[in-house]
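I began with the cavities and then turned to the ligand.

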Amino acid sequence: MAVKYDIAIVGGGPGGYVAAIRATQLGAKVAVIEKERLGGTCLNVGCIPTKTIIKSVRVLEEMRRADRFGIEVDHPETIRPNLEKIMARKDAVVNQLVAGVEGLFKAYKIDLYKGRGRLLSPNRVSVETTSGSISPELTELEASNIILATGSAISRLPIPGIDLDGVIDSNTILSLKELPQSLIIIGGGIIGVEWAGIMAPLGTKVTILEALPNILLPVDDEIRQRFQVSLKKLGVVVNTGAKVEAIEPTISRRTEATRGLDPHSQSEKLTVHFSTAKGPQTATAQMVMVAVGRSPYTEGLGLAEIGVNFNRRAVISNERMETNVEHLYAIGDVTQRIMLAHVASAEGEVAVENIMGHSRVMDYRAIPNCIYTNPELASVGPTEQELKATGVRYKVSKFPFSALGRAVTIDETSGIVKLLLSEDKGEILAAHIMGPDATDLIAELVLAVKEQITAEELSQIVHAHPTLSEAIQEAALGGVKGASPIHFKR
Ligand code: NAD
């Protein structure tokens, strides 16, 4: 006989596990079906492992410039990364956080079914255990409501050579045993650029190939231009308008290298063929990383059989997270609306609150976007180019970190806070930050955008001194009629 639940959630990533905890807090009996480890992409192969590795890279960068802070190192050339130890720390952090979620599941008495979920009807799910056998007592769950939170999978680039040795992706790069001397990253999106910022300081020569006219296309143009200067300083080569068409082994070069004719090319084992406005071109590297996006994960879910509306592979849900099938909800990457962990979690809370009778809609107006490069990039609301395109009347106010006391004390002065304000009332429509701790600083501006706070109101909030947050207050002051920042004069 099927076990009965108020809510069954397919997928235990940041969408599914947060929904499960929130639902239990509201009194529901909850089951989660997860085919791998709890935590999904974010905890296991996404946000958490990459940010852990990035911390190691920041320590390395700080040590290399220890001299600037008056700290002497006898043999600076001996400061070097140990990839095995960096990866071991990454694994330990991931394990600790996954264990934390497992502990919360136990504490909240959430039933976890390890296996692949499949919809049998709008209120029945089958669970196929990962070993492939169907265990009789776990065959079927019955639930008054089901939430689909299956996330996304790495998009494959359908080109010749994609399966060659040395071609990696954002999952397999997390198991690297040795640092490649050179790496071509196909795709200049968030993943491509974050990994360029990891690998280049570790000593790998990085080339990004991006098909579109710019890398990081959703970023504000001015911020991107400033950021590209930092990428250049790292030695990252960026080729835009470069559509990759094939990858092949670098046979001839390898032969020469073996003969000792060209020792430099010994490491260049793969040739990437790409086309640009100038015609066909090639680039060679020891490894190639593919980072061309992610696609909703709907394989084997049984969506079509029960009549769920979907567009290509993304499940369509409304702002209450309801699909077209009654009592069936969809949240997170599987909806392809905004593929970010914090959005999935927020959507999960909205779904369970609606199920439990607390009517709520998801508010997409103020979603933070964070990119963990050095310097960090963070934003909320539209870019300046988007405001221009939609004809909104706006004004801009900026403040540079180079003029901020706290930024000077920590020697991280590159970047700005840029506010986009409504022309009439000075309401904060959007904010774009490049600079130290931008990914944390943005929280205050998310609140400002969500609550339609004006520059004047924000400028009157007392910010602690000396802190990086003062850059926000200064930028706000610059947007007030008759005022300007205190510590910066144009
Ligand atoms: P993306 O969509 O951000 O970028 C992929 C890039 O690859 C695009 O710029 C695209 O034009 C390019 N591309 C596609 N085909 C190409 C080809 N044949 N040749 C050259 N370039 C090509 O995807 P991503 O960077 O893989 O990230 C996937 C998802 O993960 C995104 O939704 C992202 O928001 C999310 N993510 C977020 C964070 C964060 O919040 N810090 C970090 C990593 C990933």
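How much space lies in the second largest cavity? I noted about 30 Å³. The model is predicted, and local features need pLDDT of at least 70, side-chain atom pairs count only at pLDDT 80 or more, and totals for chains, interfaces and linings use all residues. Residues are numbered from 1 along each chain as its sequence is written, and side-chain values use heavy atoms, with hydrogens and water left out.

**Entry 1: second largest cavity.** I took a cavity as a set of points, on a 1 Å grid over the protein atoms alone, where a 1.4 Å probe fits but cannot get out; lining residues have an atom within 4 Å of a point. Grid points are joined across faces, edges and corners, and a volume is the space filled by probe spheres set on the points. I listed the lining of the second largest cavity as Ile53, Leu83, Met87, Leu176, Leu179, Trp195, Ile198, Met199 and Leu202. Helix H4 (83–107) and H5 each give two or more residues to this lining, and H5 gives the most, with four. Helices are DSSP runs of H or I of at least four residues, numbered from the N terminus. Ala, Val, Leu, Ile, Met, Phe, Trp, Tyr, Cys and Pro count as nonpolar, Asp, Glu, Lys and Arg as charged, and the others, Gly among them, as polar. The second largest cavity lies between domain 1 (3–153 + 295–355) and domain 2 (167–290), because both give residues to its lining; the bounds come from an automatic or database domain assignment.

**Entry 2: largest cavity.** I found two cavities of 30 Å³ or more, and the largest has a volume of about 50 Å³. Its lining includes Arg58, Glu61 and Phe227. H6 (221–233) gives the most to this lining, with three residues. The classes here are three nonpolar, four polar and two charged.

**Entry 3: ligand.** Of the 21 residues around the ligand, I noted Ile191, Glu194, Glu210, Gly293 and Cys370 as nearest; a residue counts if one of its heavy atoms lies within 4 Å. A backbone N or O atom of Ile191 is 2.9 Å from a ligand oxygen, and one of Ala211 is 3.1 Å from a ligand nitrogen. The shell divides into 15 nonpolar, three polar and three charged residues. Helix H5 (190–202) gives the most to this shell, with three residues.

Methods. Polar contact = N/O pair within 3.5 Å; in protein donor to acceptor, adjacent residues only side chain to side chain. 1 Å grid on protein atoms, 1.4 Å probe; cavity = no way out; pocket = protein on both sides within 12 Å on 5 of 7 lines; lining within 4 Å.
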